[in-house]
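Please go through this structure with me, point by point. Keep the viewer open as you read.

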Amino acid sequence: MELNELFTKKNIKILKLIESEELHIREIAEKLKISPATVHKLVILLDKYDLITQKQVKNRILIKLNKENPKTGLIMDVINDKEENKYVKKYKHLLKRRWYIQSFNATPVLIHHGGMSMGPMIKELGYAYRAFIKDFKDDFCEMYYDRDDLHRIAHELEDRQNVDPNYIHKLEKKWRKVMEEMIEFIEDNEKRIPKYSNKKLITKYQELAKYYYQSTGIPHVIEGYSLTRDVRLKALLRAELEKNEKGEKFNKYFTLVTNPVEKSFINEYNNALSDIYQLIKKERLTNDFKEKEVDVLLKEIKKYKNIWNKLEFLEKKFYWIRASYKEALKLKVKDFFIEIKNMIKENEKFNKISGEHFIKNLEKKNKIIKQLRFCEPLANVIWLTDFLTAWQDERKKYMLIGCCGLELFIEEMSKRFNIKRQHLRYLLPEEITVEKLKTSPKEFYENRIKGCFVVYEGTNYDVFTKKDFTEFKKELQKHEDGEEVKDLHGMCASVGKITGKVKICKTIKDIKNFKKGEILVTGMTRPEFVPAMSKAAAIVTDEGGITSHAAVISRELGTPCVIGTKIASKVLKNGDLVEVNANHGLVNIIR
């Protein structure tokens with residue numbers, strides 16, 4: 001019996017009787033004049049496809065065939081509520097591990113590459129993470145990294161880099177080749193997608209997914225290094241400064257040695273926006289952008305070829321810039337036009353940072369290393385941090401491009417099978433078949449949106465919802481790091497000291513409602529946070545290391561930033577008046 005056979009008139013009667021919780025399987029069988037085995041098969045299938053709610057299974061009775069008398073022997077076994085959940089039992093060894101948790105807006109398909117990176121890592125590197133846990137609810141994800149894995153990955157990377165100074169360069173070159181193939185695949189298939197048969201559409205979608213997994217594969221070593229080596233960097237730097245009698249200037253030198261030495265894609269995008277704004281000023285169109293309606297002004301702007309060509313350039317080069325792990329729709333000329341218009345209307349600053357800025361950062365860094373005669377281990381950590389910071393930025397760009405590519409297929413499947421795009425983002429590529437798209441009921445997807453775990457171990461994974469989700473989450477929380485944090489402190493990512501009101505940002509809506517001068521507090525920032533980061537008086541995050549998005553962007557913007565507080569977004573509330581003393585990595589609550 002398959003899914004499309006579930007919803008016969010007879011089976012709907014069975015389902016209604018199961019829902020009533022008043023009849024046992026044998027009683028249902030007698031009432032409908034069918035065999036208990038038939039009822040049993042239906043119950044198993046309903047459970048398999050997540051169609052039985054926790055309430056419905058509360059007193060459910062299962063049938064097992066008696067091996068001694070398989071023809072007639074049906075044994076009724078009542079489910080014991082105290083029996084250990086199958087996923088808790090299967091992954092008990094994972095529950096006991098020490099986890100580093102990252103939280104962000106995401107849906108399972110668009111963040112699936114993280115868990116699926118273990119295969120490419122083993123194939124290309126010979127070492128990898130052992131497991132990941134992802135907890136999804138209402139388009140929000142908590143991703144669990146094994147802390148021991150992070151340290152082990154960092155050690156593996158350092159050991160190989162010490163043996164071969166070109167090791168990391170070789171990895172990046174190999175990865176970039178695959179990413180270029182991914183972009184070529186997307187471009188080759190984009191216009192053909194509507195013409196594909198259902199079967200070929202799914203096959204191509206799954207092929208792109210495999211490319212997408214590799215966007216994180218090899219460079220997933222970055223998290224191992226960036227999330228564990230900030231402590232070593234600080235310790236080595238402090239020791240060298242004390243030796244040079246400059247210990248009191250630690251924050252100054254820490255900022256100097258961690259400043260980015262290459263432009264990020266956000267910086268390139270902001271520069272492009274600034275160039276267009278300068279053309280608008282030159283043509284004396286600023287007031288028009290403030291006062292006229294979008295559609296009217298958009299038609300008029302087409303007359304100004306210099307501006308229009310720049311807008312088309314944005315669409316071609318940065319269509320992915322506002323994509324996220326939650327959804328990833330390609331931007332059009334009109335979208336960029338509206339963003340610029342809103343910035344002008346709200347008198348926002350167009351930040352432009354020239355390439356010379358980053359050249360000077362590198363010169364200052366090399367000068368400090370030479371003048372203070374930093375030891376080789378410290379110089380190596382600084383260099384490797386710079387390289388991984390730039391690589392992480394490139395990786396993010398290709399990830400977002402991959403997300404947009406996947407979204408093209410999701411959009412087509414949504415049209416053909418009349419399924420919401422959000423729902424399809426909860427069905428992982430390996431799970432998809434034509435039959436499943438045709439027959440999976442709305443409840444199947446909604447159960448996943450309400451709460452689901454994806455647990456990865458090696459190259460395998462399980463997806464589970466409802467009662468399994470609730471019980472596994474309860475057990476996982478028992479084992480989570482319960483360290484008591486008395487002070488709200490973290491690590492200085494960008495120096496400065498300022499007082500302001502807190503705005504907690506977790507969702508896209510929070511980002512859109514962010515006001516200039518507020519203190520941005522969040523779990524961790526992503527590219528979609530940049531509009532809010534540009535307005536923030538200071539930035540405070542729960543997570544993040546020296547190469548994190550928040551650290552890099554805050555330094556580019558010159559905005560005070562404290563990262564790795566662990567609890568800021570949980571302790572602080574909207575409207576709290578706080579002093580962010582990034583110089584010392586402290587956040588003081590005034591009221």
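1. Helices (H or I, at least four residues) and strands (E, at least two) are DSSP runs, numbered from the N terminus. With that in hand, take the second largest pocket. α15 (265-282), α19 (333-345), α26 (508-512) and α27 (530-535) each supply at least two residues of its lining. The largest share, six residues, comes from α19.

2. A word on the source. This is a predicted model, where local features need pLDDT of at least 70 and side-chain atom pairs count only at pLDDT 80 or more, while totals for chains, interfaces and linings use all residues. Residues are numbered from 1 along each chain as its sequence is written, and side-chain values use heavy atoms, with hydrogens and water left out.

3. How is empty space found? Rolling a probe the size of a water molecule over the atoms shows where space is left. The search uses a 1 Å grid over the protein atoms alone. A cavity is a set of points where a 1.4 Å probe fits but cannot get out. A pocket is an open set with protein on both sides within 12 Å along at least five of seven lines. Lining residues have an atom within 4 Å of a point. Grid points are joined across faces, edges and corners, and a volume is the space filled by probe spheres set on the points.

4. Back to the second largest pocket. Its space is about 990 Å³. The lining has 32 residues, and R322, E339, K512, E528 and P531 lie nearest the centre. By class, 15 are nonpolar, five polar and 12 charged. Here Ala, Val, Leu, Ile, Met, Phe, Trp, Tyr, Cys and Pro count as nonpolar, Asp, Glu, Lys and Arg as charged, and the others, Gly among them, as polar.

5. How many cavities of 30 Å³ or more does the structure hold? There are four. The largest cavity has a volume of about 480 Å³. Of the 36 residues that line it, E223, Q392, R395, M524 and R526 are closest to the centre. Elements giving two or more residues to this lining include β3, β5, α21 (376-417) and α28. The most, six residues, come from α21. The lining divides into 14 nonpolar, 16 polar and six charged residues.

6. The second largest cavity has a volume of about 80 Å³. Its lining includes P260, D386, D393, V552 and E556. Two elements give two or more residues here: α21 and α28. The share of α21, four residues, is the largest.

7. Now the strands. Two strands pair if DSSP finds at least two bridges between them. β3 and β5 (residues 140-146) pair in the antiparallel sense over seven bridges. In that pairing, F104 stands opposite C141.

8. Finally, the open sheet. Seven strands form it, in the order β8-β12-β11-β10-β9-β13-β14, with mixed pairing. β8 (491-494) and β14 (586-589) stand at the edges with a single partner strand each, so one side of each lacks a neighbour in the sheet. Within the sheet, β10 (residues 519-522) and β11 (residues 538-541) run parallel, joined by four bridges. The bridge partner of I519 is A538 in β11.
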